[in-house]
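Reader: I have a model open and would like to talk through it with you. Could you take my questions one at a time?

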Amino acid sequence: MFERLRQSLALRLAIQYALVFAVSAAVLFGALYWVLADALEKREIEAVSRRAEVYAAAYDFGGVASLNNHLNADRSPDQPAYFVRLVNADGSFQWIAVPRNWVETQIEKVPVGVFTWTRETHLVRQPQNALRDYAIASRQLRDGRLLQVGRLTDSLSVLLSPLRRAFGVVGAGALLLSVVVGTLLSWRATKPLRAVSDTTRRILATGDLSARVPGPDGSGELAVLVRQLNTLLEKNAVHVRVLREMLDNLAHDLRTPLTRLRGTAELAIQDSGDPADARAALADCVNESDRVLHLLETLLDISAAEAGVLKLNCDRIDVRSLTERAVDLYREVAEEKTLAVTLDQPDPVEVSADAIRLGQVVNNLLDNALKYTPAGGRVTLAARNEPKTAVITVTDNGPGVPAGEREAIFRRLYRGDSSRSQRGLGLGLSMVKAIVEAHGGTVAVDDAPGGGARFTVRLPR
């Protein structure tokens, strides 16, 4: 528990925010404290300076007597807080008025014969740190003396000391509250991140790719992050499932030719004494080897195309030459099944493409259409120009492609239910899609008018 708290992003954020708050509050309080103290100090100095002006004028008018008369006439309740003194040229000074707490009264006993006479004496004792708490103003007098007037600045300690204490108490409470509230808010805000961490930990521990992060509602950054992560997990799960299916299909498709290859090779090495049978067996081995090599080469080409590294030798070509060549190539196959193959391409359709690779696309689509069209049916190859694309369509009147399989048929080694009885590798349409997308185009399948399937290839012109 302690380790998790130590690693908690919410707690670290709360502490960091609290530190920022504490520093900001201290800077703000320091600035306010300095402004207030400076204003109070200026006010005290101005008051003392005005009084020094008045006292200096009174002294210049009538000397010490006039100054004393002015002090007695101007005595107010706060008068004991002032001190007034005259400083001589030699540095000695004469107190004219002092605060009451500076005056010490002493009882002195004086013996007179057989009697003892007591008298009071008054001693002015200036506190050692008194000047630190006083605002002092000086004025030069006409007779060369210096008049000094000071006032106790008790307002500074009266106002600022409680302010400091209040800031210390309130600041500590506010800092503690900011840590607690910040931790709670940060803990709530980072809940999606903890859910992401828990989900990834569960996937790594159990390998369960169906695990998803419980996503928060809304359009915040964390909510978007969770939804994007769930989408990524979903796509990864689909890729893993497709990969497993592909490996299963690949193992199934390779098992048959390899088994036949092994059986034929075993017959060839038997000492039958008939060279003709041995040559026939070796020929079958060569055919099966070619089939396996073709399967592997096709897989490599598809992978290269999907990775964007398939080498294309692009030239300006007319698509009609590819469709016409494909019809000639499959003429005998169409005649064996009594299928009618027609071309619909009234105008030249020029694109920049690799003629050999694009020919593979047309051949595979035509072969696929002939394979699934029943005897007596028809297949149409069409080429059209659109404003920005060249369109090639292969239409048949066969059973068509179910809506649920129209995306899946372009995956590697996928064999739909209707294709299980047909001989093939399950790579033709995957190759078509990979080559078309390598050229920057798209391929799709939908229902043909009147029934059947229609494959549409769009290439940028």
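Reader: Counting contacts between residues at least 6 apart in sequence, what share joins residues at least 24 apart?
Author: In this chain, which is a predicted model, 63% of those contacts join residues at least 24 apart in sequence.

Reader: And how many helices and strands does the chain have?
Author: The chain has ten helices along with 13 strands, and of its 461 residues 34% count as buried.

Reader: Switching to helix 7, which of its residues are buried?
Author: Helix 7 covers residues 319–329, and its buried residues are Val319, Leu322, Thr323, Ala326 and Val327. Viewed down the axis of helix 7, these buried residues fall within an arc of 135 degrees, so they line one face of the helix. An α-helix has 3.6 residues a turn, so residues three or four places apart point the same way.

Reader: Which residues are exposed on the other side of helix 7?
Author: On that other side, Arg325 and Leu329 are exposed.

Reader: New topic: which residues form the nonpolar patch on the surface?
Author: That patch is formed by Leu176, Leu177, Val180, Val181, Leu184 and Leu185, which together have about 580 Å² of accessible area. One of them, Leu184, is found in helix 3, residues 154–189.

Reader: Why does Leu184 count as exposed?
Author: Leu184 has 58% relative accessibility, and it counts as exposed because the cut-off for that class is over 50%.

Methods: Residues numbered from 1 in each chain as written. Predicted model: local features only at pLDDT ≥ 70, side-chain atom pairs only at ≥ 80, totals over all residues. Heavy atoms only, no water. Buried < 20%, exposed > 50% of the residue type's maximum accessible area, 1.4 Å probe, protein only. Helix = DSSP H or I, 4+ residues; strand = E, 2+ residues; numbered from the N terminus. Arc of directions from axis to C-beta. Patch = residues over 30% accessible without salt bridge, like charges linked within 9 Å, V, L, I, M, F, W, Y side chains within 5 Å. Areas by Shrake-Rupley, 256 points an atom, 1.4 Å probe, with all protein chains shown as cover. Salt bridge = Lys/Arg side-chain N within 4 Å of Asp/Glu carboxyl O. Contact = heavy atoms within 4.5 Å.
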